[in-house]
Amino acid sequence: MAAVDTTAEGAGTVRFVLDGEIVELHDVDPNRTLLQWLRDDLRRTGTKEGCAEGDCGACTVVVGELDRDDSTIRLRAVNSCIRFLATLDGKELITVESLRDADGSLHPVQQALVENHGSQCGFCTPGFVMSLLALFKNADRPGRIEIDDALAGNLCRCTGYRPIVAAATRMYQLADPADADWLRRPGRPGEAPPADRLERLRSIAREQATCVGSGDHRLYAPRDAGELATLLAAHPSALLLAGGTDAALQVTKQLREFETIIYTGNVAELLCIENGPDGIEIGAAVTLADAVPVIVGHYPELEELFLRFASPPIRNAATLGGNVANASPIGDSMPALLVLDCELSLQGAAGTRVLPLAEFYLGYRKTALQPGEFLRSIRIPARSAGDLVKSYKVSKRFDQDISAVCGAFRLRFSGDRVTEARVAYGGMAATPARALDCESALAGAVFDEAAVEQAMQALARDYEPISDMRASAAYRMRIAANLLRRLYLEYSGNAAVGVYAHGRG
């Protein structure tokens, strides 16, 4: 393990690629967002600020980074308003201005939007362009569902989505597969990026832990779990930063400034996914975009839940570990992880220990993490044949919204009798929590109307929800019970199973 500079000295540079050039920034405040730098310093005002919380998509840019084999570049749309500038180190940045061609011609994405009248006021348009660019480079002739999902993080208040969706199809027809400009060619499976583009990213790749900062503010970026443990022991009050999709809101909305940040996005052990016969182990810094396909591969019933988990620009930055460790009572992944009997690997200076997720949450935003400990990975057991697994989310709007209630269920059967029941909800208590009385009512019972009625009544003993801006307590209790009834109706064949598949009726 390399030595880690934990002092205020040694603040280095942030290096990334922009428009074919390596940018090197000094004295970078870790609290500064990418959007602030683009607009205030670079005067790239095509990237807009709307909500400043990653909801509207007006600030969308595309970030490229080397894949693990260093031979390909992953391009992903992210929200620049909640992306800290310092975390761009070692990556490539593409903004709407980057699409400008020397002869003034529009990029196929932009031309398609023009031809299909996909813009009126134009404020949201650059964000749509960048989300469509990511789709253009990552998907070969996507269908309507893929297009809708790609645009789920971009809000349009005046044009409407029909012409924008039409543009997403038209952009492929306008593209020249032989175009010399890699960004203007649609993505093709297995296509290698230009050698010079790869080489620039390789040339700025870090092999050592780094520290950047300005004034009294520092961001440390360790490379392995040992360095992370050392830094956290030296800075026990530091913010552990992964995707930043929640932490950045404390800066953009609450105007808070963090003195010390430890960035986990370069820690090798936290970026691993192990997918074996006994289950999945997902490193705490693995993005949702990378974790979800693996989870859905084992539990396809959870696909809709994860498609409705925020939006692609959020999932491209947010991590499964961050969602778990954040301890929000409305984190959408936790009810499903609870019913799957997940375990957490926690590491600190004293070593590593394993804790069931059901024992991790101690109270509102309070976890079992001890001082100096961090979440290393999430372990999801392999499914047993015949398990009934479901998760449902109820929110005010379908895409990219905070849950009023999120319910998850796993039932194991012998014939028509339930031998094991796992039921968990988010939004019903100070923490995501299992419904133990409800589980007891189901365990050992034949899964029929009578058992479901008993289990629905038991929910009132498991939870005492509150009323807030998202839902009243009475509504939450009723919805929680009705989700259990929905599970039974789908199981028994009395409902149109799949009518909401992929969020499309």
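Mentor: Start with strand β19, residues 417-426, which is mostly covered. The model is predicted: local features need pLDDT of at least 70, side-chain atom pairs pLDDT 80 or more, while totals for chains, interfaces and linings use all residues. Residues are numbered from 1 along each chain as its sequence is written, and side-chain values use heavy atoms, without hydrogens and water.

Trainee: How many of the ten residues of β19 are buried?

Mentor: Strands are DSSP runs of E, at least two residues, numbered from the N terminus. Buried means under 20% relative accessible area with a 1.4 Å probe, protein chains only. In β19 the count is seven.

Trainee: How many bridges join β18 to β19?

Mentor: Strands pair if DSSP finds at least two bridges between them. β18 covers residues 405-414 and runs antiparallel to β19. Gly-407 stands opposite Tyr-425. The bridges number nine.

Trainee: Which residue in the turn between β18 and β19 has a positive phi?

Mentor: The two strands form a hairpin with two residues between them. The phi is about 70°, and the residue is Gly-415.

Trainee: In β20, what is the bridge partner of Ala-424?

Mentor: β20 spans residues 433-434 and is joined to β19 by two bridges, antiparallel. Those strands form a hairpin with six residues between them. The partner of Ala-424 is Arg-434.

Trainee: Is Val-394 buried or exposed?

Mentor: Val-394 lies in strand β17, residues 388-394. Its C-alpha is 5.8 Å from that of Ala-404, ten residues apart along the chain. Its relative accessibility is 19%, so Val-394 counts as buried.

Technical notes: Helix = DSSP H or I, 4+ residues; strand = E, 2+ residues; numbered from the N terminus. Buried < 20%, exposed > 50% of the residue type's maximum accessible area, 1.4 Å probe, protein only.
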